[in-house]
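User: Could you walk me through how this protein chain is put together? I would like to take it one question at a time.

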Amino acid sequence: MRCFRRRQEPSGASDRIDLVLHWHGGDHTELSVRRRKRGQTRIATDTDVETMVHDLARLIPDRAITAFLNRAGKRTGKGHSWTEARVRAFRSRRGIPVYREGERQERNELTQTEAAERLNISARTMNRLIRNGIVAARQICKGAPWVIVADALELPRVAAALAAGASASNATQETFDFE
């Protein structure tokens, strides 16, 4: 087999390389491959992983980030599963600051569990309040912890929902009193 590179565009700015493979039997196979950009290597972690690590590092420590990335099926650039040391090295190379204990509290943010404890309700009830839009919350991506601004728990609609029995999955559902 011999391989010949096809004529490049005059500007040389093509993002693809076109090849023609000449096989001994006389067959020809055309192949087009994507050219790597300058500074880009084959071994690279997805950009969505970098965004996740950056956002998660504001909420949880490296050990928890490790568990989250592995549960989400994310891999390192070399295809390995994540370890705490790999997350730490990844953060360090990209200049992502380490999580500080108490950082969320300084921003007046609570997790779903902390918000449920503050309202003295179950985490499941808090989840229902979030899902129904009664409590405003954000989640970096599916599976990540919900983040709630503590002031959102003081809104009248939250108090009204709790008074009305937010634990009921259906607002039109009737309750029976047995004596």
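User: At what angle do helix H1 and helix H3 pack, and how should I describe the arrangement?
Analyst: Keep in mind that this is a predicted model. Helix H1 covers residues 47-56 and helix H3 covers residues 84-94, and their axes lie 11 Å apart. Angles from 65 to 115 degrees count as roughly perpendicular, so H1 is roughly perpendicular to H3. The packing angle is about 95°.

User: Which residues make that contact, and how do they divide by class?
Analyst: H1 contributes Val-49, Glu-50 and Val-53. From H3 come Phe-90, Arg-91 and Arg-94. By class, the contact of H1 with H3 has three nonpolar, no polar and three charged residues.

User: How far apart are the axes of H2 and H3, and which orientation word applies?
Analyst: The angle between H2 and H3 is about 105°. Angles from 65 to 115 degrees count as roughly perpendicular, and H2 and H3 are therefore roughly perpendicular to each other. Their axes are 8 Å apart.

User: Which residues join H2 to H3, and how many of them are charged?
Analyst: On the H2 side, the contact is made by Asp-62, Arg-63, Ile-65, Thr-66 and Leu-69. On the H3 side, it is made by Glu-84, Val-87, Arg-88 and Arg-91. The contact has three nonpolar residues and one polar residue, and the number of charged residues is five.

User: Is Arg-91 buried or exposed, and which residues does it touch?
Analyst: Arg-91 has its place in helix H3. Its relative accessibility is 6%, and buried means under 20%, so Arg-91 counts as buried. The C-alpha atoms of Arg-91 and Ala-57 are separated by 8.6 Å, although these residues are 34 apart along the chain. Leaving aside neighbours within four places in sequence, Arg-91 is in contact with Val-53, Ala-57, Asp-62, Ile-96, Pro-97 and Val-98.

User: Which accessibility class does Asn-127 fall in?
Analyst: Asn-127 is placed in helix H6. Its C-alpha is 9.8 Å from that of Ala-137, which is 10 residues away in sequence. With 28% relative accessibility, Asn-127 counts as partly exposed.

User: Which residue with a positive phi follows H6?
Analyst: The phi in question is near 80°. The residue that follows H6 with this value is Gly-133.

User: Where do Asn-108 and Asn-120 lie, and how exposed is each?
Analyst: Asn-108 lies in the loop between helix H4 (103-106) and strand S4 (109-111), with phi near 65°. Asn-120 lies in the loop between H5 and H6, with phi near 60°. The relative accessible area of Asn-108 is 30%, so Asn-108 is partly exposed. For Asn-120 the relative accessible area is 71%, which makes Asn-120 exposed.

User: Stepping back, what is the pattern of helices and strands along the chain?
Analyst: The protein chain has seven helices and five strands. It has 179 residues, of which 27% count as buried. Along the sequence, the pattern is β-β-β-α-α-α-α-β-α-α-β-α.

Methods: Residues are numbered from 1 along each chain as its sequence is written. This is a predicted model: local features need pLDDT of at least 70, side-chain atom pairs count only at pLDDT 80 or more; totals for chains, interfaces and linings use all residues. Side-chain values use heavy atoms; hydrogens and water are left out. Helices (H or I, at least four residues) and strands (E, at least two) are DSSP runs, numbered from the N terminus. Buried means under 20% relative accessible area, exposed over 50%, partly exposed in between (1.4 Å probe, protein chains only). Axes are lines fitted to C-alpha atoms, for helices over the stretch in contact, and angles run from 0 to 180 degrees between N-to-C directions. Angles under 35 degrees count as roughly parallel, over 145 as roughly antiparallel, 65 to 115 as roughly perpendicular and the rest as oblique. Contact means heavy atoms within 4.5 Å. Ala, Val, Leu, Ile, Met, Phe, Trp, Tyr, Cys and Pro count as nonpolar, Asp, Glu, Lys and Arg as charged, and the others, Gly among them, as polar.
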